[in-house]
Amino acid sequence: KDLFLKAREKLEEIEFLCVPADMLLCVYEAITYVYHDIQTSSEIGADQLMPLILYCVIHSDLVHPNATLEIIKKFCRDREVVMGELGYYLVFLEGAIQYITTVTKSSLEESLKAEVRGRDNQKKKVLTLF
């Protein structure tokens with residue numbers, strides 16, 4: 001099964017649209033597909049959702065994600081829309097694109113080392129309980 005195929009295809013549609021509100025709706029629909037594809041009975045939070053959105057953006061065929069994002073942000077100024085659920089999902093897309101364009105090999109390595117150190121510290125705390 002192709003992981004998050006519908007979500008990635010929906011993201012790719014964004015660049016063929018002309019109306020920023022339609023682009024924003026596409027973002028919403030793409031993330032809705034992500035939720036649907038994981039089919040979990042429990043609530044999924046932002047920390048669990050962001051890596052999935054990153055995956056979809058990385059594996060989509062978006063050609064100009066930064067330009068598309070800027071068009072949405074500049075021309076979709078309805079405060080109620082941007083401050084609501086659609087805006088919430090737009091922030092996810094923006095965060096994913098920002099991360100992808102700024103991440104470096106050394107920052108990933110440092111992040112992994114910090115995570116390993118954190119796990120080691122947690123193990124030590126558990127062992128001291130016994």
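Guide: Welcome! Helices here are DSSP runs of H or I with at least four residues, and strands are runs of E with at least two, both numbered from the N terminus. By that scheme, Phe 4 sits in the segment before helix H1 (5–13).

Visitor: Before we go on, how should I read the model itself?

Guide: This is a predicted model, in which local features need pLDDT of at least 70 and side-chain atom pairs count only at pLDDT 80 or more, while totals for chains, interfaces and linings use all residues. Residues are numbered from 1 along each chain as its sequence is written, and side-chain values use heavy atoms, with hydrogens and water left out.

Visitor: Is Phe 4 buried or exposed?

Guide: Buried means under 20% relative accessible area, exposed means over 50%, and partly exposed lies in between (1.4 Å probe, protein chains only). Phe 4 has 4% relative accessibility and so counts as buried. Look at its backbone too: phi of Phe 4 is near 60 degrees, a positive value in a residue other than glycine.

Visitor: Which residues does Asp 37 contact, beyond its neighbours within four places in sequence?

Guide: Contact means heavy atoms within 4.5 Å. With those neighbours set aside, Asp 37 touches Phe 4 and Leu 5. Asp 37 belongs to helix H2 and is partly exposed, at a relative accessible area of 22%.

Visitor: How do the axes of H2 and H3 cross?

Guide: Axes are lines fitted to C-alpha atoms, for helices over the stretch in contact, and angles run from 0 to 180 degrees between N-to-C directions. The axes of H2 (residues 20–38) and H3 (residues 46–58) come within 11 Å and cross at roughly 115 degrees. That makes H2 roughly perpendicular to H3; angles under 35 degrees count as roughly parallel, over 145 as roughly antiparallel, 65 to 115 as roughly perpendicular and the rest as oblique.

Visitor: At what angle do H1 and H3 pack?

Guide: H1 and H3 pack at about 60 degrees with their axes 9 Å apart, and are therefore oblique to each other. Ala 7, Arg 8 and Leu 11 of H1 meet Tyr 55, Cys 56 and Val 57 of H3, giving five nonpolar, no polar and one charged residues.

Visitor: Where is Ser 60 placed?

Guide: Ser 60 lies in the loop between H3 and helix H4 (65–75), and with 8% relative accessibility counts as buried. The Ser 60 side chain reaches the backbone oxygen of Val 57 at 2.9 Å. Apart from neighbours within four places in sequence, Ser 60 contacts Arg 8 and Glu 12.

Visitor: How many residues apart in sequence are Asp 37 and Ser 60?

Guide: Asp 37 and Ser 60 are 23 residues apart in sequence, and 16 Å apart in space from C-alpha to C-alpha.

Methods:
Polar contact = N/O pair within 3.5 Å; in protein donor to acceptor, adjacent residues only side chain to side chain. Nonpolar A, V, L, I, M, F, W, Y, C, P; charged D, E, K, R; others polar.
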